[in-house]
2 protein chains.
Amino acid sequence: MNKLVGADLFFKCENFQKTGAFKARGAVNTVLQLSSDIESVVTHSSGNHGAALAWATSLREINSFVVVPTDASPFKRRNMERFGATLIDCGQELESRESVLQEFLKQHDATFIHPYDDARIIAGQGTATFELLESEQNFDQIWVPVGGGGLASGAILAANGMVEVVCAEPALAKDAYLSMQTGYRQPPLPPVTIADGLRSSLGELNFSILKAAKTRVALATEDSIKRALRLVFEMMKIVVEPSAAVVIAAMLDNPSLVAKRVGAILSGGNIPGPHQFD
Amino acid sequence: MNKLVGADLFFKCENFQKTGAFKARGAVNTVLQLSSDIESVVTHSSGNHGAALAWATSLREINSFVVVPTDASPFKRRNMERFGATLIDCGQELESRESVLQEFLKQHDATFIHPYDDARIIAGQGTATFELLESEQNFDQIWVPVGGGGLASGAILAANGMVEVVCAEPALAKDAYLSMQTGYRQPPLPPVTIADGLRSSLGELNFSILKAAKTRVALATEDSIKRALRLVFEMMKIVVEPSAAVVIAAMLDNPSLVAKRVGAILSGGNIPGPHQFD
């Protein structure tokens with residue numbers, strides 16, 4: 001992989017994290033700070049934040065509810081249920097998600113935990129980069145995938161200006177790229193990329209952190225995402241999901257942006273096992 | 001996985017080994033012992049031994065030739081070529097393989113390296129178990145997949161009577177199971193199991209080592225192999241091939257044979273990446 005990308009790469013394998021993604025970090029950091037009278041939390045998620053929140057709340061016997069778009073990955077739905085979440089279906093559109101969430105909050109005594117636009121979540125996700133910077137020295141860059149910006153803004157805070165954080169984003173969901181170009185937070189693009197964890201647009205707090213750091217965003221085509229996914233499987237022998245492969249895809253698509261000694265966060269690995277032998 | 005199997009499991013992940021399988025161990029141990037006037041070696045292989053031999057010979061600038069059945073995995077063919085092997089096609093039958101090999105040896109000045117019936121190969125494969133026993137203490141058992149018996153006989157020598165080595169074999173390729181039952185080395189069964197690395201029958205030297213140790217063989221159905229493969233992907237997030245998943249499948253199919261604290265060798269991970277997103 002080093003030869004293909006033209007850099008010395010060091011991977012933080014968050015596919016091996018609890019619940020199969022870095023999201024466990026922000027969820028547990030948030031849930032452990034909740035006051036003891038809270039009995040239920042609710043969030044919206046395509047899967048990984050929902051599973052993380054379900055796992056984290058199970059440590060404190062708090063109930064978790066997750067508003068999930070109907071087109072979410074069946075594997076991620078099962079993963080959320082495995083950790084104890086109660087799923088609430090909504091449509092694919094942002095408006096449907098918001099209205100279903102508001103309706104739920106009206107009828108239930110539950111605390112809303114935003115998947116990324118929350119300082120506690122951002123601090124938790126930042127620990128992935130913090131650990132990576134502790135494990136190896138002299139990084140030129142840290143590359144992270146960007147969707148809502150929880151992982152990316154946490155990385156920027158953890159790097160604390162000492163190492164550049166570069167964001168990788170699917171070209172079909174380039175709202176973060178556009179936000180950094182225009183200086184204004186862009187609305188989400190239609191959810192067409194296979195990187196299902198990166199379809200949402202930057203949160204307010206997340207955008208302000210990325211903007212202050214003058215963060216560069218590297219785009220990846222869908223073909224490159226698929227290629228990177230296969231490369232990780234076939235050469236590194238680990239299971240990652242498309243949203244994680246975006247980091248390698250963006251490096252392959254933007255060789256001039258890649259420095260010499262690079263840390264990269266492989267954000268998660270929640271996809272189903274092979275059926276080619278069935 | 002511990003809960004599903006009902007044991008404390010410790011995995012030796014040979015899918016992360018050079019060339020993607022434990023075979024690199026025996027190949028390099030053998031090739032580094034060859035006399036300096038040897039210019040070419042030849043072997044027969046469904047893929048993993050061939051790739052390992054190609055890699056090992058590339059360290060000494062020796063040429064490698066591999067007799068490969070026409071139904072071998074295209075991924076494994078590419079893997080052998082990637083490490084520099086020259087492939088020679090043969091039919092699926094044992095007779096075709098033997099005749100193609102003999103014809104090659106008549107026409108070329110090449111040294112034949114058997115994939116498993118060779119003391120140097122067995123000693124090399126044994127280092128996987130040796131390292132596993134060094135890394136953790138107080139194992140009750142070590143489980144290994146068995147095909148030709150290189151890994152299994154090496155494990156028995158490395159365990160040296162202090163830990164039981166249990167072999168896992170596809171029920172559709174149960175020649176080792178039958179050999180241990182009857183006391184006579186059985187011929188190979190038709191190559192129908194999806195565990196393509198385990199279709200060959202025990203070598204002579206390998207059988208004598210298994211027999212002396214009164215080795216138990218646990219069988220796995222094809223359905224269990226497929227299930228175990230998915231479990232490893234989905235819960236452990238690592239890529240293994242069916243021949244490696246056989247170890248977990250055999251444990252799931254034979255719970256009464258599984259001790260409490262168990263080492264297991266995941267033999268390789270040479271299968272193609274996912275195409276579900278294409």
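This is a predicted model: local features need pLDDT of at least 70, side-chain atom pairs count only at pLDDT 80 or more; totals for chains, interfaces and linings use all residues.
**How the copies are related**

**What the contact is made of**
- Chain B puts 25 residues into the contact, and chain A puts in 25 residues too.
- Between them, the two chains bury about 2,400 Å², with 64% of that on carbon and sulfur atoms.
- On the chain B side, the residues that lose the most area to chain A are B:Glu234, B:Lys237 and B:Phe277, which together make up 29% of what that side buries.
- As for charged pairs, the count of salt bridges between chain B and chain A is zero.
- Polar contacts do turn up, with eight residue pairs found across the interface (both residues at pLDDT 80 or more).
- Helix α10 of chain B (residues 222–236) supplies the largest share of the side that touches chain A, namely six residues.

**Helix α8 of chain B**
- In this helix, residues 175–182, the buried residues are B:Asp175, B:Ala176 and B:Ser179.
- Viewed down the axis of α8(B), these buried residues fall within an arc of 100°, so they line one face of the helix.
- Their packing partners in chain B are β7 (164–170), α9 (204–212) and β8 (216–220).
- Just past the end of α8(B) comes B:Gly183, with a positive phi of about 85°.

**Positive phi outside glycine**
- A:Asn138 is not a glycine, yet its phi is positive at about 60°.
- You'll find A:Asn138 in the chain A loop between α6 (119–135) and β6 (141–145), and it is exposed, with a relative accessible area of 65%.
- Over in chain B, B:Glu61 also has a positive phi, near 55°, and is a residue other than glycine.
- B:Glu61 lies in the loop that runs between α3 (48–58) and β3 (63–69) of chain B, and at 76% relative accessibility it counts as exposed.

Notes:
Residues are numbered from 1 along each chain as its sequence is written. Chains are lettered from A and ligands numbered from 1 in the order in which they are written. Side-chain values use heavy atoms; hydrogens and water are left out. Buried means under 20% relative accessible area, exposed over 50%, partly exposed in between (1.4 Å probe, protein chains only). Helices (H or I, at least four residues) and strands (E, at least two) are DSSP runs, numbered from the N terminus. The arc is that of the directions from the helix axis to the C-beta atoms. Contact means heavy atoms within 4.5 Å. Buried area is the accessible area (1.4 Å probe) that two parts lose on being put together, summed over both. A salt bridge is a side-chain nitrogen of Lys or Arg within 4 Å of a carboxyl oxygen of Asp or Glu. A polar contact is a pair of N or O atoms within 3.5 Å; within protein, one must be able to donate a hydrogen and the other to accept it, and residues adjacent in sequence count only if both atoms are side-chain atoms.
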